[in-house]
Amino acid sequence: MSIGIWQVVLILLIVLIIFGAGKLPKVMGDVAKGVRNFKSGLKDDSDDQGADEPKVLRSETPVATDATVKKDETVKG
């Protein structure tokens with residue numbers, strides 16, 4: 001089931017009625033900007049996946065290890 005010419009005409013007519021002839025160029029310009037940003041985001045994402053070196057995430061919070069437990073304290077567990 002594909003979209004025929006009459007369905008496209010009907011959709012365009014509804015859009016014209018909702019937004020009006022005056023706002024239609026601005027709405028289409030905003031849609032075009034969104035599509036361009038979406039495509040550039042997909043391109044950037046595919047470039048990041050092709051990188052040879054994986055990204056390393058570093059944590060700023062210290063992690064408690066057995067070495068940080070004082071000798072006088074007993075570990076319950």
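UniProt positions are given here in the numbering of this model, with feature names shortened, and the annotations may be inferred rather than shown by experiment. The unreviewed UniProt entry marks residues 6–24 as "transmembrane region". The model is predicted, so to speak of local features takes pLDDT of at least 70 and side-chain atom pairs count only at pLDDT 80 or more, while totals for chains, interfaces and linings use all residues. Residues are numbered from 1 along each chain as its sequence is written, and side-chain values use heavy atoms, leaving out hydrogens and water.

The fold is quickly told: one helix and zero strands, both taken as DSSP runs numbered from the N terminus (helices H or I, at least four residues; strands E, at least two). The annotated span, residues 6–24, is 100% helix and 0% strand, and its end C-alpha atoms sit 20 Å apart.

As for burial, 0% of the 77 residues are buried, where buried means under 20% relative accessible area, exposed over 50% and partly exposed in between (1.4 Å probe, protein chains only). Leu 13, located in helix H1 (residues 5–49), is partly exposed at 45% relative accessible area.
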